[in-house]
Amino acid sequence: MEINLISDTVTKPCESMIAAMINAKVGDDVFKEDPTVNKLEKKLSDMFGMESALFFPSGTMANQTAIKIHTSPGDQLICDKYAHVFNYEGGGVSFNSGVSCKLLDGKRGMFKNYQLVDAINPPDFYHSPKSSLVCIENTTNKGGGACWEINELKKIKKTCREHNLSIHLDGARIWNALVQKNQTPKDYGLIFDTISVCLSKGLGCPSGSVLLGSKDHINSALRIRKVLGGGMRQVGYLAACGLYAIENNIKRLDQDHKKAKQIEQTLNEMSYVELVEPVETNIIIFEIKKKIDSKDFLNKLNDFGIKIISMGGPKLRIVTHLDYTDELHHNFLRILKKLKF
Ligand SMILES: *Cc1c(COP(=O)(O)O)cnc(C)c1O
């Protein structure tokens, strides 16, 4: 039996999600005539208390579009050194928007307001790139599923307003943060100019992300999405999965978090483990003892049918998800306990 824990993107749609797809009413979304896409966009913009929304094939395209909306070529965006937009979007920040990144040295993908204040270039000093956008990620991916404190975000928002900076949330895993921190989507709608949310991570859809923002921002996003080749036709089949997932798959994320906590506990008891980063949501980042080659470690797990990934250097990552059942969890913990090095 395979236990795939490389990411929460490995899930496959369940029968009810497929039924929702089959029964979806669809139309040509490039003409904005797909009723299911329109319904999903309306549902999410209402949830977050934002004016408007646009469906995207991927989170990367939603983020890249947001960055393009908020910047001009030559500008600089400010983000944590771990940010997905900097590390894992193929250099799209410079390719698509002609923008550079100023990286903040945060902890677990999260920086403090005072670090942002120090990083903003003075607007009249024309030798430096113009600071125009701050990107926040919640939960943090490379940071191991850590959640921001809402009070820090409020301070950061205030700084952005004072310095005329836009603020974008990469909310690929915002659902995990909402469940873990007992927050509401509107808490975030009040802080951010634009928000991208993924349907294909913890929520278990095969594809799709949604960008939220003001009417003006989403009008610009529509044009940019077209330029990037992201205009899709009868995509209500995918939006139907999103609507199903919002109804059925948000609350249950606490089960993924609970399993991740139990994996953290077990790893902490194992002699082959050097350290486990504190687990808050569904991501576990840990290091094995230096004397063990991490390739050997991954191979050994693979022999048991278990897949996890390396995050570079000594760091390994496990992600729990919708298809990681109680039975698989039980087996995984049992195998972790009997590994010998
Ligand atoms: C997965 C992810 C994205 C978007 O990724 P896609 O694979 O393009 O959908 C964006 N930001 C973060 C933090 C992510 O984890």
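Start by selecting Thr60: a polar side-chain atom of this residue lies 2.6 Å from an oxygen atom of the ligand. That is a polar contact, meaning a pair of N or O atoms within 3.5 Å. Before going on, note that this is a predicted model, where local features need pLDDT of at least 70, side-chain atom pairs count only at pLDDT 80 or more, and totals for chains, interfaces and linings use all residues. Residues are numbered from 1 along each chain as its sequence is written, and side-chain values use heavy atoms, leaving out hydrogens and water.

Next, click on Gly59, where a backbone N or O atom sits 2.8 Å from an oxygen atom of the ligand. Then try His84, which places a polar side-chain atom 3.4 Å from a nitrogen atom of the ligand. Taken alone, the ligand exposes 380 Å², and the protein buries 84% of that (accessible areas by the Shrake-Rupley method with a 1.4 Å probe).

Helices (H or I, at least four residues) and strands (E, at least two) are DSSP runs, numbered from the N terminus.

**Two domains**

Zoom out and colour domain 1 (3-8 + 252-336) and domain 2 (15-248) separately; the bounds come from an automatic or database domain assignment. Their C-alpha centres lie 28 Å apart. At the interface, 17 residues of domain 1 are in contact with 24 residues of domain 2, contact being heavy atoms within 4.5 Å. About 1600 Å² is buried between domain 1 and domain 2, with carbon and sulfur atoms giving 45%; buried area is the accessible area (1.4 Å probe) that two parts lose on being put together, summed over both. Select Asp8, Leu253 and Glu280: in domain 1 they lose the most area to domain 2, together 37% of what that side buries.

**Backbone stops**

Most residues other than glycine have a negative phi, and most peptide bonds are trans. Look at the bond from Asn138 to Thr139, which is cis, with omega near -5°. Thr139 lies in the loop between strand S5 (131-137) and helix H7 (150-162). Finish at Arg108, whose phi is near 55°, a positive value, in the loop between strand S4 (100-104) and helix H6 (113-119).

Key: A polar contact is a pair of N or O atoms within 3.5 Å; within protein, one must be able to donate a hydrogen and the other to accept it, and residues adjacent in sequence count only if both atoms are side-chain atoms.
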